Amino acid sequence: MNHKDLINACQEEWEAYTKHDFVQQLSLGTLEHSSYLHYLKQDFLFLKQYARAYALAIYKARTLQEMRMALPSVQALLDSEIAHHVSYCGQWGLTESDMEAEDEDFGTVAYTRYVLDAGNSGDLTDLMVALAPCSIGYGEIGHNLINGPETVLEGNPYNSWILLYGGEEFLSGVATSTEQLDELLEEIDLNSARGKQLCNTFRVATRMEIAFWQQALDIKR
């Protein structure tokens, strides 16, 4: 099996995630600023837990090669992605201390702890499957938005988000992590009990992504 099998096993949830109202409003520049600010703060908290999950991947690795596979993601998150997020949030009037002081919303807690629990209770493959909807999904969303005829870039206050996740550097990283995931999955039969378990893990994590978008929309109500 491979990552496409995981997506196909939860196509309805995948569509709801990658084409969520939050994403559509962001692409048009109509998203409420309060929703976007809430998303930015929660995403900072999410990224901290995401880094912990990739650090767990090193612990769960069985071989030196698998350890090496996870290390670049940890380094990129701590040295680049989170730093970029902090710098970007500064443009929206949010400091690192502001975001550190923010409480985790219920959706953020549920999602990140689900991923960490999948890794703690399972093996490296369980963990990487639970992590996969984030990277693969953002890659698909970024690609679709930057190439979408309805996407508004000029005058869109969120255009830098679209350019980041639809950019060559980010998509190249997604391609690499997806190839690594497929290597872990290649010996697993999709129709086996193990294959079905992994599909369910991916489905639940995808539903968590939907809830993460939705909590940002709900904040303005």
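Q: Let's start with the second largest pocket: by class, how many nonpolar, polar and charged residues does the lining have?

A: Keep in mind that this is a predicted model. The lining of the second largest pocket has four nonpolar, six polar and two charged residues.

Q: Which residues are those, and what is the pocket's volume?

A: The volume is about 200 Å³. Lining the second largest pocket are Thr18, Lys19, Val23, Gln24, Ser27, Leu28, Ile141, Asn144, Leu145, Gly148, Glu150 and Thr151. At least two of the lining residues come from α3 (21-28), and at least two from α8. α3 gives the most, with four residues.

Q: How should I think about empty space in a model in general?

A: Rolling a probe the size of a water molecule over the atoms shows where empty space is left. Now for the case here: the largest pocket has a volume of about 920 Å³.

Q: Which residues lie nearest the centre of that largest pocket, and how many line it?

A: There are 32 lining residues, and Ala76, Leu77, Glu81, Phe170 and Gly173 are the ones nearest the centre. Two or more lining residues come from each of α4, α5 (64-90), α8, α9 (159-165) and α10. The largest share, 10 residues, belongs to α5.

Q: And what is the lining of the largest pocket like by class?

A: That lining has 18 nonpolar, 11 polar and three charged residues.

Q: Which residues line the largest cavity?

A: Tyr54, Met128, Leu131, Ala132, Ser135, Ile136, Ser177, Thr178 and Leu181 do. The elements giving two or more residues to this lining are α8 (124-147) and α10 (168-185). α8 has the largest share, five residues. By class, you'd count six nonpolar and three polar residues, with no charged ones.

Q: Where does the lining of the second largest cavity come from?

A: Two or more residues come from each of α4 (33-60) and α7 (106-121). α4 gives the most, with four residues.

How values were computed
Residues are numbered from 1 along each chain as its sequence is written. This is a predicted model: local features need pLDDT of at least 70, side-chain atom pairs count only at pLDDT 80 or more; totals for chains, interfaces and linings use all residues. Side-chain values use heavy atoms; hydrogens and water are left out. On a 1 Å grid over the protein atoms alone, a cavity is a set of points where a 1.4 Å probe fits but cannot get out, and a pocket is an open set with protein on both sides within 12 Å along at least five of seven lines; lining residues have an atom within 4 Å of a point. Ala, Val, Leu, Ile, Met, Phe, Trp, Tyr, Cys and Pro count as nonpolar, Asp, Glu, Lys and Arg as charged, and the others, Gly among them, as polar. Grid points are joined across faces, edges and corners, and a volume is the space filled by probe spheres set on the points.
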